Amino acid sequence: VVVVFSFFSSSSSSSNNHKPILGCCSTKPIGAMPQMTSEDARGVLENAQRGWNYGRGVWTQLTLGERIRAVQKLVKELQTKRDDIIQVLMYEIGKNYPDAASEFDRTMEFIKETINIIQQTTTTTTTTTPEQPHWQKVSSSTTVFVKRNAFGILLALGPYNYPLNETYATIIPALLMGNVVILKIPQVGGLVHLLTFEAFQRALPKDTIHFVSGSGRTVLP
């Protein structure tokens, strides 16, 4: 099975160079990973800076409820790609079907549970909104001071062995809190992310999340 991918980025790429990706059990390419240049990467950073806009960007200025609804829409969009994502996890990095399916399903469940925790904080905090600082009792002997704020632009480096689960465990909480994200796609195990571009594009405002692919020495100087 040869899976053909299209590359989407909010910044134009000056390079049409793509690296063929071989399947773990095949000598035939199952896809191709765009190899961006350092100029491409700088363009992505500039777009991310525009999206953040010193904390005044569209995504950051949405209410927490609006960001939650956008991420919930993202989950629905990703669910439509479930079979394709599982197949790519199997063919590219050698997961068996139960493990690949489990990674996808656990990732979607993680997103839902993260949202649930935020919403529980909203309902149990009567005098403040989740973005405002407040004291929260976490055990019989411990009380913590909680303050949720967007910090800026997050750079996430996706691993190859759990490319979906571990990456989303980093970027989803950051997105929910209003940060802008740049995701460096791994050279191995990265094809799965190419399947998510359209889902992010449909669910989130422009310049909220950005993807960089290629040699780390080239795109992350």
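Biologist: Which residue in S6 is the bridge partner of Leu-154?

Modeller: Val-181 is the partner of Leu-154 in S6. Strands here are DSSP runs of E (at least two residues), helices runs of H or I (at least four), numbered from the N terminus. This is a predicted model, where local features need pLDDT of at least 70 and side-chain atom pairs 80 or more, while totals for chains, interfaces and linings use all residues. Residues count from 1 along each chain as its sequence is written, and side-chain values use heavy atoms, without hydrogens or water.

Biologist: How many bridges join S5 and S6?

Modeller: Five, and S5 pairs with S6 (residues 180–184) in the parallel sense. Two strands count as paired if DSSP finds at least two bridges between them.

Biologist: And S6 with S7, parallel or antiparallel?

Modeller: Parallel, over four bridges. Val-181 turns up again there: its bridge partner in S7 is Ile-209.

Biologist: What's the strand order overall?

Modeller: S5-S6-S7, an open sheet of three strands with parallel pairing. S5 and S7 (209–212) are the edge strands; each has a single partner, so one side of each lacks a neighbour in the sheet. From one strand to the next, the twist averages 20 degrees.

Biologist: Which strands does H1 touch?

Modeller: H1 packs on the sheet and touches S5, S6 and S7. Its direction makes about 160 degrees with that of S6. Axes are lines fitted to C-alpha atoms, for helices over the stretch in contact (heavy atoms within 4.5 Å). Angles run from 0 to 180 degrees between N-to-C directions.

Biologist: What about H6?

Modeller: Helix H6 (residues 165–176) also packs on the sheet, in touch with S5, S6 and S7. The direction of H6 makes about 170 degrees with that of S5.

Biologist: Back to S7. Which residues are buried there?

Modeller: Ile-209 and Phe-211 are buried on one side of S7, His-210 and Val-212 on the other. Buried means under 20% relative accessible area, exposed over 50%, partly exposed in between (1.4 Å probe, protein chains only).

Biologist: New topic: Leu-155. Where does Leu-155 lie?

Modeller: In strand S5. Leu-155 is partly exposed, at 46% relative accessible area.

Biologist: Which residues is Leu-155 in contact with, leaving aside neighbours within four places in sequence?

Modeller: Ile-182 and Leu-220.

Biologist: How far apart are Leu-155 and Leu-45?

Modeller: In sequence, 110 residues. In space, 9.9 Å, C-alpha to C-alpha.
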